Amino acid sequence: MDNPEAPINTVRMEHESDILIIGGGLNGPALALALADQGFCVKIIDALPANARASDDFDGRSYALALASQRLLAALGLWDHLCDNSQPILEVKVTDGRAGEGPAPFMLHMHHGEIEEGPLGYMLEDRFLYRALADAIAAHPAITLISGRTVTDQETDATGATITLDCGEQHCARLLAGCDGRRSGTAQRAGIRRQGHDYGQTALVCAIEHETPHNGIAHQFFMPSGPLAILPLPGRRTSIVWSTTTEEATRINALPDAGYLEVLKPRFGSFLGTIRLAGKRFTYPLDLTLAERYVVPRVALVGDAAHGVHPIAGQGLNLGLRDVAALAEVLTEARRRGEDFASLSVLERYQRWRRFDSTVLALGMDTVNMLFSNDNSLLRLGRDLGLGLVNALPALKRRFIREAAGLAGDLPRLMQGRPI
Ligand SMILES: Cc1cc2nc3c(=O)[nH]c(=O)nc-3n(C[C@H](O)[C@H](O)[C@H](O)COP(=O)(O)OP(=O)(O)OC[C@H]3O[C@@H](n4cnc5c(N)ncnc54)[C@H](O)[C@@H]3O)c2cc1C
């Protein structure tokens, strides 16, 4: 939107697109590209002004993308712009421990050599991923972006959906895709209820520079107050996601950089030599929020709007991109067969494909967080033996590795590196 200050009007924009996507975070633009590449005419509405995320500076946020998600980005034509700035994840080490004590003797060690497909995944900074998506949607003739506008109302009828923006403008399409995050207004306005709970934890997120190379190894270190993920970025830099009690996170986050680093050091250990902060620090309060339905007539939910999960295994965006690939495939196939692609029976195919899978994963991460985020010595013994057992059983371990790489289950074609 060129001028967000423009006077409010109530002009109804005549039917212009097949699909209206609410939310221009990461899943919204990815869905727009996947659909537009199949000939759908798409419009994205995002509340943030166009230049809100335009900075080229590293702000400390990054994602662990599973191998299957990387394939999706490649299929959308984005990977050539991203690969130089990505870091392959070659190994993952999962350990249990207490601050200052070092890791427990049992460990789950996943090595990319144990699967044929390649690295387990890639680390990618938010600025590069967001920019690649933004550039691609700006260049695509079948995509229109309206930024700096909030959707305040939505209505559906037998033929499609109409949304109203905060400026009074209306837009309609045959289908509404809610990619508007954990507090999805699209879901709320559609009467879709949510289940979940607050973890009482907050994630402290930052990046650090360090003295010695990380060799592409990611670490998941379970501490009594919550998990600490140490994830390799290009160069001698590493991304930290440390989930701890909200009380502790608030206290630590209030410290100046030097004090923050001092708290981090004993938890982090000395295996990367001297460390210092690179970029900004962030906090994210953590909750589980699962939509009871992913679809209702003329509306589908995608990404965090459908399932907001614990960041324990870095799966949130990976789940969202799987939704993107599945929804694009279901809609494309329906239209090829001459069906109304936005009909409920078609949308329910998407729900059947994705809802069970996402819920199982979300609840799995919920359980892992519960089992590991405490100092009960019996549980500690049990989980350490569990890690050791998985590590010792090659078939089970290979299954874990394929899950981590996003290769398990019924993969949509874009995630197999094939066209729809
Ligand atoms: C600490 C942390 C670490 C994480 N690490 C990883 C990781 O390593 N790997 C991974 O796969 N995932 C990770 N995730 C999860 C990942 O960040 C999310 O799953 C992902 O960003 C969700 O993207 P989205 O596009 O669905 O939603 P969002 O990014 O929340 O985007 C929603 C968009 O909707 C817009 N919007 C909302 N309401 C309206 C409205 N009414 N009108 C118009 N626009 C609206 C907003 O402006 C926003 O741009 C992590 C999450 C956290 C908290």
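**Figure 1. A polar contact of 3.1 Å joins the side chains of Arg 174 and Asp 340.** A polar contact is a pair of N or O atoms within 3.5 Å; within protein, one must be able to donate a hydrogen and the other to accept it, and residues adjacent in sequence count only if both atoms are side-chain atoms. The model is predicted: local features need pLDDT of at least 70, side-chain atom pairs count only at pLDDT 80 or more, and totals for chains, interfaces and linings use all residues. Residues are numbered from 1 along each chain as its sequence is written, and side-chain values use heavy atoms, with hydrogens and water left out. Arg 174 sits in strand β11. Helices (H or I, at least four residues) and strands (E, at least two) are DSSP runs, numbered from the N terminus. Arg 174 has a relative accessible area of 27%, so it counts as partly exposed. Buried means under 20% relative accessible area, exposed over 50%, and partly exposed in between (1.4 Å probe, protein chains only). Ala 158 is 16 residues from Arg 174 along the chain, and their C-alpha atoms are separated by 9.2 Å.

**Figure 2. Thr 289 makes a side-chain polar contact with Arg 194.** The two side chains meet at 2.5 Å. Thr 289 belongs to strand β16 (residues 275-291). Thr 289 counts as buried because its relative accessibility is 6%. Beyond its neighbours within four places in sequence, Thr 289 is in contact (heavy atoms within 4.5 Å) with several residues. Among them are Arg 182, Arg 183, Gln 195 and Gly 196. Ala 306, His 307 and Gly 308 also belong to this set.

**Figure 3. The ligand is surrounded by 30 residues.** A residue is near a molecule or strand if one of its heavy atoms lies within 4 Å of it. The closest are Asn 27, Asp 46, Ala 64, Asp 304 and Leu 317. The shell divides into 15 nonpolar, 11 polar and 4 charged residues. Here Ala, Val, Leu, Ile, Met, Phe, Trp, Tyr, Cys and Pro count as nonpolar, Asp, Glu, Lys and Arg as charged, and the others, Gly among them, as polar. At least two shell residues come from each of β2 (42-46), β3, β12 (194-210) and α8 (316-336). Helix α8 gives the largest share, 3 residues.

**Figure 4. Strand β7 (residues 121-125) has 5 of its 5 residues buried.** Gly 121, Met 123 and Glu 125 point one way from the strand. Tyr 122 and Leu 124 point the other way. Strand β3 (residues 62-66) pairs with β7 in the antiparallel sense over 5 bridges. Two strands pair if DSSP finds at least two bridges between them. Ser 62 has Glu 125 as its bridge partner in β7. Strand β4 (residues 87-89) also runs antiparallel to β7, joined by 3 bridges. There, Ile 89 stands opposite Gly 121.

**Figure 5. Helix α1 (residues 27-36) is mostly covered.** Of its 10 residues, 10 are buried. They include Asn 27, Pro 29, Leu 31, Leu 33 and Leu 35. The buried residues of α1 pack against β1 (17-22), β2, α4 (126-139), β8 (143-147), β11 (170-178) and α8.

**Figure 6. Helix α2 (residues 67-75) has buried residues that include Leu 67, Ala 68 and Ser 69.** Gln 70, Leu 72 and Leu 73 are buried too. Their cover includes β3, α3 (79-82), β7, α4 and α8. Just after α2, Gly 77 takes a positive phi of about 80°.

**Figure 7. Asn 215 and Arg 298 have positive phi values.** Most residues other than glycine have a negative phi. Phi of Asn 215 is near 55°. Asn 215 lies in the loop between β12 and β13 (217-223), and its 54% relative accessibility makes it exposed. Phi of Arg 298 is about 70°. Arg 298 lies in the loop between β17 (295-296) and β18 (299-301). Arg 298 is buried, at a relative accessible area of 7%.
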